[in-house]
Amino acid sequence: MSPETRDLKPYLGLGLGVVTVSTAATLIRLAQAEVHSLVVAAWRLTLATLILAPVALGRYRHELRALTANEWRSALVSGLLLAIHFGTWITSLAFTTVAASVVLVWTNPIFVGLASHLFLDERLTRGMVLALVIAIVGSGIIAVGDLGEGTHRLLGDLLAVMGAISGAGYFLIGRRLRKRLSLVAYVFPVYGTAALILMAVMLVAGLGPAPQQSQTWFWLALMAIGPQILGHSSLNWALRYLSATFVSLATLGEPIGSTLLAWWVLGERPTVWAVVGGVLILSGIVYASRAERR
């Protein structure tokens, strides 16, 4: 394999993650036709954990046993943040549009960039700051267009922002742990922790143990295999080679893919605001990619 190909692998993995994660919002909406948002979140992570279990407990058993107490604590905190991220964001989709929800939840680069600068000693270069500003402005344009529909969507918007903040913490912890751990050894305890937390919340809230319709199980299985295992795991894999700020910034491409898919499947046609904002987001991602490679 040539050095050029090796250099591109993190970016290709990141691209795969963004594309597959973009399908999540539409699949969630389809599943929400039968069950509560927290049920969707709980089973998405539970199914993903069960799918990963044979590989994690087989091939990576020794690495899991070698985790230090501090690494276990970090993984548990990361799982808690991931549970909050999915619980709040998936619930937001029941109150606001797909475009507004995915834009607001991926404002996490603001929080990731600031925290990385303060705690991870990842200096924000001038180019990365400019790319961040361009992408956030684009996200804001999409949000303004959708939020102009009425104040009844404020709750969904607030939940999406809470998902952004918790997602930023999840990314930052992953950036630190992935420097030493393999992908599966990291995501398995994190996904498992998030699944247990969401399952407990679901049962305490009396939301019912499981969906009844086979079609809902199909959407949940697609969520677990696609956006969760392929999508989020690809993003976590990329964290080992790219900065947390760049990975979170690149995921701003999700609103574009999610909006287009929602238009096709759910009939949510994107507005002019969404198109203009999407162009800016893509411009920011391209500029960030060049700054990161330099």
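Keep in mind that the model is predicted. Rolling a probe the size of a water molecule over the atoms shows where empty space is left. Here, the count comes to one cavity of 30 Å³ or more.

**The cavity**

- The largest cavity takes up a volume of about 50 Å³.
- If you want to find it in the structure, look for its lining: Val21, Ala24, Arg44, His85, Phe86, Trp89, Val105, Trp106, His232 and Glu254.
- Helix α5, which covers residues 69-92, gives the most to that lining, with three residues.
- Sort the lining residues by class and you get six nonpolar, two polar and two charged.

- Helix α2 (residues 24-31) packs with helix α13 (residues 254-266) at an angle of about 40°, and their axes are 8 Å apart.
- That angle makes α2 oblique to α13, because angles from 65 to 115 degrees would count as roughly perpendicular and those under 35 as roughly parallel.
- On the α2 side, the residues in this contact are Ala25, Thr26, Arg29 and Leu30, and they meet Ser258, Leu261, Ala262, Val265 and Leu266 in α13.
- By class, the contact of α2 with α13 has six nonpolar, two polar and one charged residues.

**A buried alanine**

- Ala131 sits in helix α8, which spans residues 126-147.
- Ala131 counts as buried because its relative accessibility is 0%, and the cut-off for buried is under 20%.
- Along the chain, Ala131 and Gly284 are 153 residues apart, yet their C-alpha atoms are separated by 4.5 Å.

Terms used
Residues are numbered from 1 along each chain as its sequence is written. This is a predicted model: local features need pLDDT of at least 70, side-chain atom pairs count only at pLDDT 80 or more; totals for chains, interfaces and linings use all residues. Side-chain values use heavy atoms; hydrogens and water are left out. On a 1 Å grid over the protein atoms alone, a cavity is a set of points where a 1.4 Å probe fits but cannot get out, and a pocket is an open set with protein on both sides within 12 Å along at least five of seven lines; lining residues have an atom within 4 Å of a point. Grid points are joined across faces, edges and corners, and a volume is the space filled by probe spheres set on the points. Helices (H or I, at least four residues) and strands (E, at least two) are DSSP runs, numbered from the N terminus. Ala, Val, Leu, Ile, Met, Phe, Trp, Tyr, Cys and Pro count as nonpolar, Asp, Glu, Lys and Arg as charged, and the others, Gly among them, as polar. Axes are lines fitted to C-alpha atoms, for helices over the stretch in contact, and angles run from 0 to 180 degrees between N-to-C directions. Angles under 35 degrees count as roughly parallel, over 145 as roughly antiparallel, 65 to 115 as roughly perpendicular and the rest as oblique. Contact means heavy atoms within 4.5 Å. Buried means under 20% relative accessible area, exposed over 50%, partly exposed in between (1.4 Å probe, protein chains only).
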